[in-house]
Amino acid sequence: MEKQSVKPADGKLGIMVVGLGAVTSTFMTGVLMARKGLAKPVGSMTQYDKIRVGKGDDKKYLAYSDIVPLAKLDDIEFGAWDVYPADAYRAAVYAEVLKEKDIEPVKDELQKIVPFKAAFDKNFAKRLDGDNVKDCKTRWDMVEQIREDIRNFKKEHGCSRIVVAWAASTEIYVPVYEPVHGTLAALEKAMKDNDTEHIAPSMCYAYAALAEGAPFIMGAPNTTVDIPAMWEMAEKTKMPIAGKDFKTGQTLVKSGFAPIIGTRCLGLSGWFSTNILGNRDGLVLDEPDNFRTKEVSKLSTLESILVPECQPDLYTDYYHKVRINYYPPRNDNKEGWDNIDIFGWMGYPMQIKINFLCRDSILAAPLLLDLCLLSDLAARAGRYGIQRFLSFFLKSPMHDYTKGEVPVNHLFQQYTMLKNALREMGGYEPDEEID
Ligand SMILES: NC(=O)c1ccc[n+]([C@@H]2O[C@H](COP(=O)([O-])OP(=O)(O)OC[C@H]3O[C@@H](n4cnc5c(N)ncnc54)[C@H](O)[C@@H]3O)[C@@H](O)[C@H]2O)c1
């Protein structure tokens, strides 16, 4: 097979993250520490995973960077925006995710990462009240100011490419509204008319990134790029987009565990997921309008794995509930409980309980790294629009719902999609052979 013409990863890659909170500061600290050989980037597929390429006698297992040209950790420059003015060092200390010994060795570098003023509207996250905020007359003005930040950052840091990722707070739920979100022209008009109801600040970041020739990743469950207008923008600018919502803890478990039930043809009568967390993310999600965005994203996982229409005896009318409770004492150390009511032979009930004591940002940081590196790769490979091969990393993977496409939530199907995209970009045959 012809090797796809993927441009080399020459020069520096600027990773600009919206939100310099727990996830972002943990991500940046980890990359800087790994660069110094003082920590290992555990959990990152781009740094650890090896996949098979070729078949039979020709098969070999290669790291991603031996298959495709990936940006190196040494070549990354970090930038950010935040509502609070704290630099990345102060943000990491505030987040209390990492111990002092894991932050201090890169203190100088972290202190140099000072956030740009945020494009922010308090109506979209009521519980935040920082003052590092841009003064914007309209949403269009917001876009223009973000574009300027991106251009300045790129020039100052001598980057050849930029990726913009959202790891900021979850905004309130913005349902898709056809008259504004349906086409690019309508979206641009609404930005110029300052339609603050339907244009979330996150949409301004996404539009600005794409306009500046940078891929955009949505790490929260916000609607942002999950609208036809943004797909049109991605097509126009030939840029990749990915989202939504990092698949870190409970949903990762769900998308990996549900296939056990489905593959074994066991029945499901209910799945109750609840968790407690006490970081700033938990505080924002304590607001019902913000939680609604998360709930929609978390609920979508099971529907496409255990499909009632395909197996009415097994999956009709199962009760699926997801709760998140803000509980300050735990900070970033989330505890999740899943109670799964299943049934077997002749309908006899059984129960499964999963108790995951995880660390939110420790799980999210490698996802952020992988999504940035792989989106940059996709852009260099000339792939644009929704990057379905990145579904593996996301709770509510984007898909073209206007064409009746269904999302792929099954973790192992998602992994096949990821591997095949890498094989294709590396000039190997995509396949589904057993490794
Ligand atoms: N950690 C996880 O496991 C996980 C999983 C999935 C999704 N997420 C999402 O990732 C995001 C970040 O999580 P976190 O724990 O780092 O939260 P955090 O509250 O620590 O950090 C978010 C930061 O975003 C800033 N912010 C909010 N609106 C902004 C805007 N318009 N512009 C610039 N900055 C803005 C806030 O001031 C805050 O510092 C959240 O939306 C969360 O839901 C996290």
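Buried residues account for 48% of the 435 residues in the protein, where a residue is buried if 20 or more other C-beta atoms lie within 10 Å of its own, exposed if 12 or fewer, and partly exposed in between, with C-beta atoms placed from the backbone. The structure is a predicted model, in which local features need pLDDT of at least 70, side-chain atom pairs count only at pLDDT 80 or more, and totals for chains, interfaces and linings use all residues. Residues are numbered from 1 along each chain as its sequence is written.

The overall dimensions come next. The C-alpha trace spans about 65 × 55 × 50 Å along its principal axes. A compact globule with 435 residues would have a radius of gyration near 22 Å, and the 21 Å of the protein agrees with this; the radius is taken over C-alpha atoms, and the globule rule is 2.2 Å times the number of residues to the power 0.38. Of the contacts between residues at least 6 apart in sequence, 79% join residues at least 24 apart, a contact being a pair of residues whose C-beta atoms, placed from the backbone, lie within 7 Å. The secondary structure comprises 16 helices and 13 strands; helices (H or I, at least four residues) and strands (E, at least two) are DSSP runs, numbered from the N terminus.

Two domains make up the division of the protein: domain 1 (12–246 + 361–425) and domain 2 (250–357), with bounds that come from an automatic or database domain assignment. Their C-alpha centres lie 25 Å apart. Domain 1 brings 28 residues to the contact and domain 2 brings 25 residues. On the side of domain 1 that touches domain 2 there are 13 nonpolar, eight polar and seven charged residues. In this classification Ala, Val, Leu, Ile, Met, Phe, Trp, Tyr, Cys and Pro count as nonpolar, Asp, Glu, Lys and Arg as charged, and the others, Gly among them, as polar.

Turning to the strands, an open sheet of seven has the order E5-E4-E1-E6-E7-E8-E13, with parallel pairing; two strands pair if DSSP finds at least two bridges between them. Strand E5 (116–117) and strand E13 (385–386) are the edge strands, each pairing on one side only. Within this sheet, seven bridges link strand E1 (residues 12–18) to strand E6 (residues 159–166) in the parallel sense, and Val 17 stands opposite Ala 165 in E6. Strand E9 (residues 267–277) has pairings of both senses. With strand E11 (residues 335–343), E9 runs antiparallel over nine bridges, and Leu 268 has Ile 342 of E11 as its bridge partner. With strand E10 (residues 319–326), E9 pairs in the parallel sense over eight bridges, where Leu 277 faces Tyr 326.

The ligand has 35 residues around it, and Gly 19, Gly 21, Ala 168, Ala 220 and Arg 280 come nearest; a residue belongs to this set if its C-beta atom, placed from the backbone, lies within 6 Å of the molecule. Each of the two domains, domain 1 and domain 2, contributes at least three residues to the shell. The shell holds 19 nonpolar, 11 polar and five charged residues.

Several loop residues also deserve a look. In the loop between E13 and helix H16 (411–425) sits Ser 391, which is buried because 27 other C-beta atoms lie within 10 Å. Leaving aside residues up to four places away in sequence, Ser 391 touches Pro 397, Pro 407, Val 408, Gln 414 and Met 417. The C-alpha atoms of Ser 391 and Gln 414 are separated by 6.0 Å, although these residues are 23 residues apart along the chain.

Gly 243 and Lys 244 are joined by a cis peptide bond, with omega about 0 degrees. Lys 244 belongs to the loop between strand E8 (240–243) and helix H11 (250–263), and Asp 245 lies in the loop between E8 and H11 as well. Asp 245 has a positive phi of about 75 degrees although it is not a glycine, and counts as buried because it has 23 C-beta neighbours inside 10 Å. Asp 317, in the loop between helix H14 (312–315) and E10, has a positive phi near 65 degrees and is likewise not a glycine. Asp 317 is exposed, with 9 other C-beta atoms within 10 Å.

How values were computed. Contact = placed C-beta atoms within 7 Å.
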